[in-house]
Amino acid sequence: MNKNSTSILIKNGTVVSSSSQVKANILIVDGKIKKIGDMNISEPEWNDITEVIDASNLLIFPGGIDAHTHMELPVMGISSSDTFATGTRAALYGGTTTIIDFANQNRNSSLSHPSSQTEGESLNHTLDKWFKKAEGNVYTDYGLHLSVTVINTKTLDELKGIVENRGVSSFKTFMAYPNMRISDDEIATLMREANKLGGLVTVHAEDGQLIESLIEENIKERNISPKMHPLNRPTIAETNAISRLIDISNKEQLPIYVVHLSSADGLNKVRENKGAGPSADAGVSAKAKIILETCPQYLVLDDSKYLHKDPLEINKFVMSPPLRESGISNKNQNELWKGIAEGYIQVVATDHCPFTLEQKKLGINNFTMIPNGIPGVEHRLEILFSEGFLKGKITLEQLVKVWATNPANIFGLYPQKGDIVVGADADLVLFDPSFKHTLSVKNHHMNVDYSAYEGFEVTGKCKCVILRGKVVIDNNGTLKINQGYGKYLHRNRCLHY
Ligand SMILES: [Zn+2]
């Protein structure tokens with residue numbers, strides 16, 4: 001070993017990977033996982049160990065990959081309140097060591113549909129803008145997805161360079177929002193073109209036409225209070241969209257990834273469609289045609305938040321799709337947890353898109369003016385563990401898959417990221433499984449003045465976080481790195497598993 005190398009030994013922890021839980025030591029050399037297991041103390045490498053971390057009574061998870069975030073996203077003349085710096089710092093406190101954020105292509109005309117009737121900015125220019133925001137500021141490692149809002153030859157000609165030279169191999173499309181949605185044919189075109197390059201298309205699956213007609217009707221009748229938000233975006237908007245995606249996927253025989261699934265009915269559409277789900281023996285399969293992502297908010301919150309008398313309280317939870325009803329049997333949440341256990345839902349990401357109360361006030365009397373989104377990048381692991389594993393809804397291995405391994409596989413980061421295996425980046429979370437605490441704006445690290453989970457009691461806490469072999473959050477909760485430590489990840493082909 002050369003004398004500039006650094007190594008860390010993590011002793012006596014329980015290593016939780018996507019396939020097993022085992023009491024073991026982990027040797028990290030130069031930022032990579034070198035060995036896992038019982039190690040002979042006389043090995044020469046041990047002379048070079050610079051740090052020994054005792055992980056007795058702790059679980060060790062792979063560092064999380066949050067495949068869906070929106071840091072400083074411009075909307076309606078404002079920006080989401082977490083910058084790449086503040087948002088990724090908060091992510092680290094929650095054990096997330098990699099984010100994949102969305103760069104959104106601007107249309108030159110805001111209301112054209114289909115998109116071919118408008119022009120869009122160049123995709124490379126879109127990426128330039130996002131890199132400018134991120135570079136030198138990010139604490140986690142990071143990748144970018146690219147939201148494509150205009151399908152024309154100019155856009156399609158840029159795809160190859162985007163994938164090969166800029167390391168962006170996943171694309172987002174919208175079926176909702178008049179200023180962003182594209183037609184089903186355009187989605188299929190993008191799927192074919194992206195697939196040739198090893199790229200994957202993701203979709204915001206809500207039926208835009210249905211939503212726009214409900215909104216128009218409500219505006220006409222002056223029903224514009226915030227409580228109309230969930231009524232404008234009913235579950236059927238999600239199921240309609242997913243049905244159409246199943247048709248597209250079956251016709252093209254290509255996979256597609258649905259972001260932020262919110263409802264049991266949406267999940268059932270995929271369950272009913274033989275061939276669109278996972279293979280029997282794996283949580284993730286190349287045969288999967290419809291890959292589903294959900295978010296912690298749909299797993300633990302419900303639409304009772306929209307009954308509040310104070311419209312600002314409602315606005316805190318205005319996001320699209322909206323929170324769903326719990327009902328007598330809490331069907332939506334229970335089915336989504338089951339969907340994870342069955343392997344239909346392969347990713348849990350946060351859709352972190354925070355706005356301050358001052359920003360949420362913009363729509364206090366008018367649902368059309370509410371910036372959509374909630375904060376959550378910090379709480380994904382603790383919610384999955386406390387509400388999912390401890391309540392018997394998912395196993396620890398299933399948790400690891402939706403938390404890190406599957407997003408790494410799906411979005412071209414495996415085996416560098418996503419699991420605790422020899423040769424991978426040493427991105428690790430040392431987690432105290434019995435520590436009880438309460439989620440609150442008083443102790444979170446996100447740059448937003450409310451918590452979507454205020455008062456939520458959880459068991460289990462991230463105690464120490466390691467990114468590429470460096471302790472980035474220590475046992476005392478102290479941040480040990482400078483802004484800009486996070487590296488850009490040039491991603492490989494998607495669905496590489
Ligand atoms: Zn989003």
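**Salt bridges and exposure in a predicted model**

User: What is the relative accessible area of Lys154?

Analyst: This is a predicted model: local features need pLDDT of at least 70, side-chain atom pairs count only at pLDDT 80 or more, and totals for chains, interfaces and linings use all residues. Residues are numbered from 1 along each chain as its sequence is written, and side-chain values use heavy atoms, without hydrogens or water. Buried means under 20% relative accessible area, exposed over 50%, partly exposed in between (1.4 Å probe, protein chains only). Lys154 is therefore partly exposed, at 39%.

User: How many salt bridges are there?

Analyst: The rule asks for a side-chain nitrogen of Lys or Arg within 4 Å of a carboxyl oxygen of Asp or Glu. By this rule, the count is 24.

User: Which residue forms a salt bridge with Lys154?

Analyst: The closest N and O atoms of Lys154 and its partner Glu119 are 3.6 Å apart. Lys154 sits in helix α3 (residues 153-166), and Glu119 in the loop between β9 (96-104) and α2 (123-134), 35 residues apart in the chain. Helices (H or I, at least four residues) and strands (E, at least two) are DSSP runs numbered from the N terminus.

User: Is Glu252, the salt-bridge partner of Lys251, buried or exposed?

Analyst: The closest N and O atoms of this pair are 3.9 Å apart. Lys251 is exposed at 68%. Glu252 has 17% relative accessibility, so it counts as buried.

User: How far apart are the closest N and O atoms of Lys316 and Glu313?

Analyst: Lys316 is buried at 13%. Glu313 is partly exposed at 23%. They form a salt bridge, and the distance is 3.0 Å.
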